[in-house]
Amino acid sequence: MAAYNHHLLSLIPLFYCFLLTSANTYKDEEKIPIFVNKVGPYFNPQETYHYYSLPVCRPSKVEHRSLTLGEVLKGDRMAVAMYDIHFKTDIENRVLCEVSMSKSGLETLRSAIEDLYYFEFNFDDLPIRGFIGHLEEGHILPHRHKIYLWSHLHFAVEYNGNQVITANVTTNGHEPVSLDDIEKFPFNVQHTYSVSWKPTSAKYSERSKLSTAKFFPKSLEIHWLSIINSVVLVFLLMGFVVIIMMRVLRNDFAKYNLNDDMDVDEMDGDDCGWKIIHTDVFRFPPYKGTLCAILGVGCQFLTLCFGIIIMAMLGMFNVHRHGSMNTAAVLLYALTCCVSGFVSSSFYRKIGGTKWVWIIVLTASLFSVPFFLVWSFTNSVAWSYQSTQALPYTTIILLMFIWLLVGFPLTVIGGIFGKNWTTSFDAPCRTKNIPREIPPIPW
């Protein structure tokens with residue numbers, strides 16, 4: 001895990017790690033950096049493992065790439081690949097390595113191909129994906145079950161000037177290696193690769209759209225006109241309802257406040273439904289702290305969601321830096337802790353609370369403690385399966401420091417401002433000192 005310590009520096013400065021969009025330029029025959037990343041089942045992209053966990057071509061010493069916080073949270077574990085690719089240099093059937101597999105290694109590879117494992121590489125910050133092998137099934141009687149390994153990869157790269165625009169990997173034109181009926185071990189497989197370069201007129205600013213390969217099935221398609229139409233309709237309906245309700249409630253509040261000397265039972269005779277308990281509507285709840293903590297955390301998450309949406313609409317995320325949105329979410333969560341502290345402390349003081357220090361601690365731990373317990377369980381399961389979704393201990397320490405040094409102090413500062421700037425609670429109608437008795441409801 002020590003190989004990932006460098007991603008601690010990805011927070012210095014905080015926002016530049018995901019806002020910068022510098023373009024890589026290359027000279028003719030200059031080597032292009034390519035990294036292997038992860039593998040996993042196609043129909044469960046959240047289950048990922050390190051690429052070198054399979055019996056594939058790997059160097060004698062694995063060198064990992066320094067990752068940002070968002071990339072680690074995403075499950076990326078990039079390492080230097082053995083492919084020797086140079087800018088504008090075509091390659092025809094070059095030998096990468098020869099893998100000698102034992103019986104257990106062959107079974108591991110066969111199981112991965114049966115589960116439709118895909119691999120993900122990183123070529124000049126462009127993700128390229130393909131399948132480890134090919135599963136062929138057919139006929140009920142007799143049943144045919146054939147497993148093949150793709151031992152050759154072809155990299156098709158498009159460039160414009162001195163910049164890489166798109167990159168893709170295919171296996172067309174080469175026969176796979178059959179992994180059935182292997183009796184002699186060790187079983188040797190020779191891996192090869194080829195590279196073709198093609199000029200294009202597409203600009204570097206368009207490569208995020210061009211390189212977004214539809215590898216995974218897309219079930220979400222945004223229709224902006226329908227969204228705008230729905231939003232306008234919802235706001236219009238909400239406006240109509242609010243106007244009607246405000247007129248009705250204003251008349252009711254005026255009647256209740258003008259008849260302070262009238263017997264409450266006489267007033268209840270003409271009322272029905274929730275109006276019967278109008279003298280108990282604005283009574284303070286018994287668990288003030290829990291209510292205020294939930295309100296503060298909810299306001300914080302609303303601020304966090306709107307912040308990420310606005311940043312995405314303004315194009316502030318670097319599309320070529322993987323996990324930039326995860327990094328932004330972690331940092332914005334820590335920075336918006338002041339919102340939860342301010343809202344919870346202000347409302348707690350407004351409804352008559354006195355132990356405002358306790359409410360700040362409750363607000364800070366309301367989401368963190370349950371999230372930490374759930375995450376500990378899922379992370380332990382991922383760690384037991386050696387999945388890349390398990391966070392390294394350095395990332396765990398980093399997240400704890402972010403919460404302790406940024407999140408919790410901002411919660412305290414927001415709580416102090418909320419306590420000092422709060423106003424008294426002004427209920428629109430009177431509240432009885434003795435609560436109304438609510439008859440028990442049969443089970």
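Mentor: Happy to! In this predicted model, the cover over the buried residues of helix 11 includes helix 2 (69–74), helix 8 (324–335), helix 9 (337–350) and helix 10 (356–384). The residues of helix 11 that lie buried are Thr 394, Thr 395, Leu 398, Ile 402, Gly 407, Thr 411, Gly 414, Gly 415, Gly 418 and Lys 419. As you read along that list, keep in mind that an α-helix has 3.6 residues a turn, so residues three or four places apart point the same way.

Now for the helix as a whole. Helix 11 covers residues 393–421, which makes 29 residues. From first C-alpha to last, helix 11 reaches 41 Å, close to the 42 Å expected at 1.5 Å a residue. Along the way, there is a bend of about 35 degrees at Trp 403.

Cys 57 sits in the loop between strand 2 (49–50) and helix 2, while Cys 97 belongs to strand 4 (residues 91–101), so the pair ties together parts that are 40 residues apart in sequence. The link is left-handed, at -90 degrees about the S-S bond, and both cysteines, Cys 57 and Cys 97, are buried.

Cys 338 counts as partly exposed, because its relative accessibility is 28%.

As for confidence, the protein has a mean pLDDT of 82, with 86% of its residues at 70 or more.

Conventions. Residues are numbered from 1 along each chain as its sequence is written. This is a predicted model: local features need pLDDT of at least 70, side-chain atom pairs count only at pLDDT 80 or more; totals for chains, interfaces and linings use all residues. Side-chain values use heavy atoms; hydrogens and water are left out. pLDDT is the predictor's confidence in each residue, from 0 to 100. Helices (H or I, at least four residues) and strands (E, at least two) are DSSP runs, numbered from the N terminus. The expected span of a helix is 1.5 Å times one less than its number of residues. The bend at a residue is the angle between axes fitted to the seven residues ending there and the seven starting there. Buried means under 20% relative accessible area, exposed over 50%, partly exposed in between (1.4 Å probe, protein chains only). Contact means heavy atoms within 4.5 Å. A disulfide is a pair of cysteine sulfur atoms within 2.5 Å.
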